[in-house]
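Me: I am new to this structure and would be grateful for a close look at one part of it, namely the nonpolar core and the sheet beside it in the discussion.

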Amino acid sequence: MIEVRGLTKAFGETSVLRGIDLTLEKGSVLVVIGPSGSGKSTLLRCLNVLEVPTSGTVAIGKARLEFRPDAKPRLADVLALRRQSGMVFQAYHLFPHFTALQNVMEGQLTVRRTPKREARAKAMQLLAKVGLADRADAYPHQLSGGQQQRVGIARAMSIDPELLLFDEPTSALDPELVREVLKVIRELAEEGRTMMIVTHEMKFAREVADRVMLLDGGAVVEEGPPEQLFERPREARTRQFLSLIMERSF
Amino acid sequence: MSDQSERLLHIFTDSFLPLLRAGIAFTVPLTLISFALGLALALLTALARLSEFRPLAWVAGFYVWIIRGTPLLLQLFIIFYGLPSLGILIDAFPAAVIGFTLSVGAYGSEIIRAAIVSIPKGQWEAAYALGETRLQALRRIILPQAARVSVPPLSNSFISLVKDTSLAATVTVTELFQKGQQITAAVYEPLLVYSEVGLIYLIFCTVLAALQRQLERYFDRYSSV
């Protein structure tokens, strides 16, 4: 289970997150939507401690960490929390000097200290799962954007995280490549992976989400099951945002 | 063939082996040892300058400032002729190695620092997201990519160093250039002998440039994304 309480993040004087609370049951999918600058990505990055939250508590799996504005968190605590989640980046960020296989082995070798043979077998299994078993020895620059992002997903899963975080996983992709990536994410949802996804793909959000959360100005505007949020939004701000998004896609 | 040109030919052939020997016995080891040690020093200095621990960054910055701001010839003189006043006596060859190592360390650190900084931030984040520590990310992800970026400018430093080792002549190391001076003093044909010295430097540098191409080809197996 994932629990976030009173999470805030400020960059200098600018408040990006203003007290986020959320609970995510094991095996469920939360989709986070919202206008750009609403703090969606920052929220995800705070859960992975790529940004250190200013205050609040984050608990994922067995790790729990309370952040305070006046104290830097201990590195061991940060690593322990970070290792509970896997991150899929908008721009993939694959390691260019490693093959697809080596990308998926890296975390297993350095962080989990898995023996090489075992790490390789598991990496092959994960690549097969994202449909790239035949491209295991390719370097990232030899792969299409969609293939790179699928390797990115396999890499995020390679450390057996409690939670998978997706930061706009299809925003950097050509439209014809979006589908293959969404298909992989959909399959993971069906498998019962716990996931948090920031996306602008509303149709996909509706299909895959157990809950949807609209963020604006660093605060939660509305949260609920997709049918409710998309069809019977309670807040005027939600209706306004959805109509803007719909306009854009037609 | 006139007597004069026959004499020149003799001088050329007679001095070729002694010059080559001086090059192989002194110029080459001086270059290789200084560059290897200098590279290690350069890496440590670059990391120190990028460190969040300010005093370390400051010490490294001070060292680079001193070495880059004064002539290499002067530094060699201080090490070999100056330090004995403090009771520190260093033989000619190690004194030259120290001088060249400090030089490679300072200039090389700027190359390596720039290469590390040029690796996109996303690479650090991807490594951190897997749970790697800063040291693991540096060793496994950042430095291998920085090495690729550094090969051309570091090769430049390496080739410069081959020629800079001629400065060791001034602290009594009988390397290639010093040997040329000795032969010139005996036969008094400066144009011929110094040209021959130049030819041998050219041979060394050509071999090194070929090695650089091999290294670049190795790194070309991937392209940065």
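Reply: The account below takes the core and then the sheet.

This is a predicted model, in which local features need pLDDT of at least 70, side-chain atom pairs count only at pLDDT 80 or more, and totals for chains, interfaces and linings use all residues. Residues are numbered from 1 along each chain as its sequence is written, and chains are lettered from A and ligands numbered from 1 in the order in which they are written.

A nonpolar core is a set of buried Ala, Val, Leu, Ile, Met, Phe, Trp, Tyr and Cys residues joined through C-beta atoms within 7 Å; buried means that 20 or more other C-beta atoms, placed from the backbone, lie within 10 Å of a residue's own. The largest such core has 124 residues, and those touching the most other members include Val32(A), Met196(A) and Ala96(B). Its largest share, twelve residues, is supplied by helix 4 (residues 92-118) of chain B, helices being DSSP runs of H or I with at least four residues and strands runs of E with at least two. Among the contacts of Val32(A), leaving out residues up to four places away in sequence, are Met196(A), Ile197(A) and Val198(A); contact requires C-beta atoms, placed from the backbone, within 7 Å.

Turning to the sheet, six strands of chain A form an open arrangement in the order 6-7-8-3-9-10, with mixed pairing; strands pair if DSSP finds at least two bridges between them. Strand 6 (85-88) and strand 10 (219-224) of chain A are the edges, each pairing on one side only. Strand 7 (residues 163-167) and strand 8 (residues 195-198) of chain A run parallel, joined by four bridges. Leu164(A) has Met195(A) in strand 8 as its bridge partner.

Terms used
Buried ≥ 20, exposed ≤ 12 C-beta atoms within 10 Å, placed from the backbone. Contact = placed C-beta atoms within 7 Å.
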